[in-house]
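Keep the sequence and the 3D view side by side.

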Amino acid sequence: MAIRSKPNAMHAPPASDDKKCNKQFNQRARDLKNGLSDLQKKVDKMKDGPEKQRLEASLTMLGTEGDHNGVGVAFSTLDGSAAGRTDLNLNASGQASPLITLDPDSGKNGSSTTLAINAAHEGTHLVDQTTELLHAYNELSWPNWIARSPTLSDFSLEYRGYQTSAWAAQALGVPSLAYDGGSSVIWNSSWAAADRQTLIDKGITQHVTSIPGHPETTPHNPWPN
Amino acid sequence: MNKPAWTLFLSLIGSATAVAQNQPDAACILSTAKNGQTITAHGKAVQQPHDLGFRVVGCDDVVILTYAGDQDTDVPADRLRRDEHLKRFQKFTSAVYKSTTKDICEQCMQYGDVEATLTGKLEIATIPPDTTKDQMGFLHDASGKIVGTSGFGHPTRMFKYRLVILSASDVKARKLPKPRVANP
């Protein structure tokens, strides 16, 4: 991945703040690298299973700085509560230009841990979008592909993203991860191992269905992983 | 990744399924507005996971918001009226509570029920004849080749409307309490 700053007009600091802005960017870039490195080490030690597979896929997609894998990571203020976003665009020849944008705001991505969690979430979105495109490419016949490999609904796409967030939090040793003012808990280390899958599902479902335009679809995750 | 998947050419993809877009209400300003038109509308901010939305009074569709001058718009920054109203709207819709090191609360807003009257350039996504839109917002021609995109929002382009904000007024919001992590 290639990390860069991407100021926008609404939030761009005055010229006199360039030094402060550069300092924040450098700090966030360091935090991101450290967070992803830490997550990778934790994932390496995880036992095999869907959690490890998902996190590995996301981390592989993100890559490491300077690996020229084509994935761009930008730091830029995002509108609303968004901490991250993914853009996948294709040029005229069909070549993709994937970009993940992370908000450097200290409330949204103020630590290496939150950066790693949010980057992993976006990495899963990128993996899923690429998977859908490549399935179509390999099948060469969209109707057949539709029949064999269902597209992800808007609910399922976000459900999988938050699954990754929860599993990343778990791997990083985060005590709890919540949304919606704390009412939608998607990870809590106090949960008994036997209850974790159910409670993660409950928390994510509650959060995603609260987002307008994301009605629940079942199975929540229609893909094997 | 040594050989990124991005280098693949995707022009052989087969035909796509169309994604239905909501039909606008008769009383909704969006139903009569034209693409590129400057409109003024009152509504309520709607938080999306990766975008800021806006539900105009009388309309069902969520409109994605962006600001004049932002990189992916063609509206110059000098058309953005950066007054106190705009600053309040930006603050109310983006301020989140900082997490503690122990418990992380993401997207936990400091303000809710954010209402405003916004003036901006309305952009309406269309699906050209002889093309279909897939779940990710890519447009395909009859042969299946990807010929463009349609829609707004991330990671998929699921929204039909986007408003490029020029100014805000009548901004109000409700202060929300600090998050408390529930114990399910």
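Predicted model: local features only at pLDDT ≥ 70, side-chain atom pairs only at ≥ 80, totals over all residues.

Residues are numbered from 1 along each chain as its sequence is written, and chains are lettered from A and ligands numbered from 1 in the order in which they are written.

The backbone at A:H68 deserves a look. Its phi is positive, near 55°, and the residue is not a glycine. A:H68 sits in the loop between α2 (50–62) and β2 (72–75) of chain A. Helices (H or I, at least four residues) and strands (E, at least two) are DSSP runs, numbered from the N terminus.

B:Q107 is not a glycine either, and its phi is positive at about 55°. This residue lies in the loop between β4 (103–105) and β5 (111–124) of chain B. B:Q107 counts as buried, because it has 22 C-beta neighbours inside 10 Å.

Now go back to α2 of chain A. Its partner here is α6 (residues 154–171) of chain A: the two pack at an angle of about 100°, with their axes 10 Å apart. Axes are lines fitted to C-alpha atoms, for helices over the stretch in contact, and angles run from 0 to 180 degrees between N-to-C directions. So α2(A) is roughly perpendicular to α6(A), a label for angles of 65 to 115 degrees. On the α2(A) side, the contact uses A:E51, A:R54, A:L55 and A:S58. On the α6(A) side, it uses A:Q163, A:T164, A:W167, A:A168 and A:A171. Contact requires C-beta atoms, placed from the backbone, within 7 Å.

Two cis peptide bonds remain to be visited. One runs from A:T218 to A:P219, with omega near -10°. A:P219 is in the segment after α7 (193–209) of chain A. Another joins B:H154 and B:P155, with omega about -5°. B:P155 is in the loop between β8 (146–149) and β9 (161–175) of chain B.

Finally, chain B as a whole. It has 2 helices and 9 strands. Of its 184 residues, 46% are buried.

Conventions: Buried ≥ 20, exposed ≤ 12 C-beta atoms within 10 Å, placed from the backbone. Parallel < 35°, antiparallel > 145°, perpendicular 65-115°, else oblique. Contact = placed C-beta atoms within 7 Å.
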